[in-house]
Structures are given as C-alpha cells and as structure tokens.
Amino acid sequence: MSGVCPGEDRNRKLLVVDDDTLFLGGLVRLLQSWGYHATVTSDPFEAVALCTTLAFDLLITDLEMPRLDGAGLTAAVQQALGEACPPILVLTGRPQAPQVLGAAAVIPKSADLSELIEASADLME
C-alpha cells in the first residue's frame, strides 16, 4: 500500500462520474468519510465540462454509461486537458476488468474497498 493514507491530504479534489445514482451516492459518502472533496455527476458530458473549468486530483468514472462510456470520457478529458489531465480510475461492473486506453487503473465495482482505497491514494501521490 502507498505511503499516503486516505484523507491524509484534505485538499484532494475528486470528480466521480456514474449513471447509477445509488452506487454514486454510496461511493461519494465513502470518499467523503475518507476526507476527500468529491464533485459528482451522472452525465459524462458534464464531467468533461467540469474538467475544463475545475482542477481535480483524480477522476473516477464508471465504464458503462449511456451516451458516452468511461473509455470515451477518458479520451475526451485527455484530449481536452493534455498534460494537465488528472489520473483516471475506471470502475466496471464486468467480472474481469478490461483495459481502458489512457486509464491509470481499472477496478471491478465488486472489488474490496481496500483495493479502491489503495488505488485512489496511489494515483494521487
């Protein structure tokens, strides 16, 4: 595990994108309990707009969403921000996590919370 404890730096800003509002709400409550500031949206196009106007330390997105999936969102944010793009953590409901070009990590939604904690902290180091 990384040397960064979740919530250690309370100035960390995360953008969380998921069309499943129930999952989104639970994940945001968990992130906030770790001390992170989370901005949320269920609209991937709004997420791209938010990334161009606000600075985030990490983008967490669902892989499968209508209109624009997590892979498309990853590509759009990277194209819009270039080198300023935050690390992107993709969550998937698929049993086996596929590779997503440009994503720093892909984790199944069914993974242990410790894996999500570790990946989030590692990506924000």
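## Strand 1 and its neighbours

In this predicted model, Leu15 stands opposite Thr39, a residue of strand 2. Strand 1 and strand 2 run parallel and are joined by five bridges. Strand 1 also runs parallel to strand 3, to which four bridges join it. In that pairing, Val16 is set opposite Ile60 of strand 3. In a regular strand, side chains alternate between the two faces of the sheet.

Five strands form an open sheet in the order 2-1-3-4-5, with parallel pairing. Strand 2 and strand 5 are the edge strands, each pairing on one side only. On average, neighbouring strands of this sheet are turned by 20 degrees against each other, direction ignored.

## Helices on the sheet

Strand 1, helix 1 and strand 2 together make a β-α-β unit, and this unit is right-handed. Helix 1 lies across strand 1, strand 2, strand 3 and strand 4 (88-92). The direction of helix 1 is at about 165 degrees to strand 1.

Helix 3 also packs on the sheet, where it touches strand 1, strand 3 and strand 4. Its direction makes about 150 degrees with that of strand 3.

## Salt bridges: Arg12 with Asp57

Side chains of opposite charge can pair when their charged atoms come close. A search of the whole structure finds four salt bridges. One of them joins the side chains of Arg12 and Asp57, with an N to O distance of 3.9 Å. This pair links distant parts of the chain, 45 residues apart. Arg12 belongs to the segment before strand 1 (13-17), whereas Asp57 is in the loop between helix 2 (44-53) and strand 3 (58-62).

The two partners fall into separate accessibility classes. Arg12 has a relative accessible area of 18% and is therefore buried, the limit being under 20%. Asp57, at 27% relative accessibility, counts as partly exposed.

## Salt bridges: Asp18 with Lys109

The side chains of Asp18 and Lys109 meet in a salt bridge at 2.9 Å, N to O. Asp18 lies in the loop between strand 1 and helix 1 (21-33), and Lys109 in the loop between strand 5 (105-108) and helix 4 (113-123), so the pair ties together parts that are 91 residues apart in sequence.

Asp18 is buried, with a relative accessible area of 2%. Lys109 is partly exposed, and its relative accessible area is 26%. Asp18 and Lys109 are also linked with Asp62 in a network of salt bridges.

## Salt bridges: Asp43 with Arg67

Asp43 forms a salt bridge with Arg67, and the closest N and O atoms of the pair are 2.8 Å apart. Here too the pair links distant parts of the chain, 24 residues apart. Asp43 is found in the loop between strand 2 (37-41) and helix 2, while Arg67 is found in the loop between strand 3 and helix 3 (70-81).

Asp43 counts as partly exposed, at 26% relative accessibility. Arg67 has a relative accessible area of 62%; because exposed means over 50%, Arg67 is classed as exposed.

How values were computed
Residues numbered from 1 in each chain as written. Predicted model: local features only at pLDDT ≥ 70, side-chain atom pairs only at ≥ 80, totals over all residues. Heavy atoms only, no water. Helix = DSSP H or I, 4+ residues; strand = E, 2+ residues; numbered from the N terminus. Buried < 20%, exposed > 50% of the residue type's maximum accessible area, 1.4 Å probe, protein only. Pairing = 2+ DSSP bridges. Axes fitted to C-alpha atoms, helices over the stretch in contact; angles between N-to-C directions. Contact = heavy atoms within 4.5 Å. Right-handed = clockwise from strand over helix to strand, strands pointing away.
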